[in-house]
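Take a look at the sequence and the model below. This report goes through the model part by part.

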Amino acid sequence: MTYPDPTLFGHDPWWLILAKALGIFGFLVLTVLTAILLERKILGRMQLRFGPNRVGPRGLLQSLADGVKLALKEGLIPAGVDKWIYLAAPVISVIPAFMAFAVIPLGGEVSILGHRTALQLTDLPVAVLYILAVTSIGVYGIVLAGWASGSVYPLLGGLRSSAQVVSYEIAMALSFAAVFLYSGTMSTSGIVAAQNDVWYVFLLLPSFLVYLTSMVGETNRAPFDLPEAEGELVGGFHTEYSSLKFAMFMLAEYVNMTTVSALATTLFLGGWHAPWPISIWDGANTGWWPLLWFTAKVWLFLFFFMWLRATLPRMRYDQFMALGWKLLIPVSLGWIAIVATTHALQDRGYPTWVTAAIGLAVVALFAAVLTAWRRMRARRIRKEPALPAAPADEGAFPVPPIPVKEHADA
């Protein structure tokens, strides 16, 4: 197993850096085209209907046909928009989506034309924080698109998106804190190397579940697609967009899905490490094989996105915000306290079973307190006296009596 040497980053020849950048770009574009097609086919199967099956053999060229159609459509610019911000918003959304993938490790060291290099464009001591910062910039595209459109519904979609990102990025960042404590680094390649023996999905399951929920909210995917709720906002922030500008928003959405899936793979599923029992094979984590394991794990999360879209209805906005502020953030803070305490006890020489027992006891105590509080609240609601029913005619609009038609034989 060959882990990337940190000194390798920044010393590759220019043509190799350019080749890796183009490789990442091609990987993301092909993933997006495949994901759009597979999502439509998977949703069709789940809903007992056919997906795309006309364009190309078995509909395999449907994504390409949709891209060509969007490129050839007329690019309309409505009257009353702030033109330059309106045109810049899709670009602001799509560029950070690609930039975030620069620090994702796709594999270990390989040899390319005689040069030893890592299957990763670059790495930073604070690579995970770089991903958070870049993805936060991408949200400005959505906010500015809603504001610059000069319409009410896109503006509401942009405001929803800003509130959504603020809420769920806090929970997402808190879920990373436990990973940093265990790995001792914020470097993505260092976090992957720290999971050589045990993946963090087993050690830090609550952090993984919080991140799993937050990444769906961050990417505006169902059931958290409130900024583009068609039934409420007529399409949301991109209502006034068409042609390639609309396609860029869709590209940014699917690239962001791939990025958060790759980040979940890196932080919790061992990155490019082969799953058991494939890992028993000595050559499983050498050469180009890790790229296959990494891609399979990313597609596992992409399938999860599609499964959610076919299964769950859209949440109300108040339910969505309550989930982020009242559940995910408090759970993350409590879990960080537990992880920090048990990690400190392990450093002081306490046995693993002692620290595990303490952590389980704290979790059980928290669950018991939460259950007792919910029961007391439900009992109090049942005991509250019901409001007296108002008379039927109180405050009602006066309705004249309906004339009764007399029978002819009366």
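## The hairpin

Strand S1 (residues 109-112) and strand S2 (residues 115-118) run antiparallel, and four bridges join them. The two strands form a hairpin. Two residues lie between them.

Are the two residues buried or exposed? Glutamate 109 has a relative accessible area of 14%, under the 20% limit, so it is buried. Arginine 116 has 42%, which lies between 20% and 50%, so it counts as partly exposed.

## The whole chain

This is a predicted model. The chain has 13 helices and two strands. Its C-alpha atoms fill a box of roughly 110 × 60 × 45 Å, taken along the principal axes. Of the 410 residues in the chain, 42% are buried.

## Salt bridges

How many salt bridges does the chain have? The count comes to eight. One of them joins the side chains of arginine 221 and glutamate 39, at 2.4 Å from N to O. Arginine 221 sits in the loop between helix H8 (205-218) and helix H9 (230-233), while glutamate 39 sits in helix H1 (residues 14-46), so the pair ties together parts that are 182 residues apart in sequence. Both arginine 221 and glutamate 39 are buried.

This pair also belongs to a network. Salt bridges link Glu39, Arg221, Glu253 and Arg309.

Another salt bridge pairs arginine 316 with aspartate 318. Here the closest N and O atoms are 3.0 Å apart. Arginine 316 has 49% relative accessibility, so it is partly exposed: the limit for exposed is over 50%. Aspartate 318 is partly exposed too, with a relative accessible area of 45%.

## Helix H12

Helix H12 spans residues 317-347 and has 31 residues. From its first C-alpha to its last it reaches 44 Å. That is close to the 45 Å expected at 1.5 Å a residue.

## A nonpolar patch

Which helix gives the most to the patch? Helix H5 (residues 152-183) does, with five residues.

An α-helix has 3.6 residues a turn, so residues three or four places apart point the same way.

Notes:
Residues numbered from 1 in each chain as written. Predicted model: local features only at pLDDT ≥ 70, side-chain atom pairs only at ≥ 80, totals over all residues. Heavy atoms only, no water. Expected span 1.5 Å × (residues − 1). Pairing = 2+ DSSP bridges. Buried < 20%, exposed > 50% of the residue type's maximum accessible area, 1.4 Å probe, protein only. Salt bridge = Lys/Arg side-chain N within 4 Å of Asp/Glu carboxyl O.
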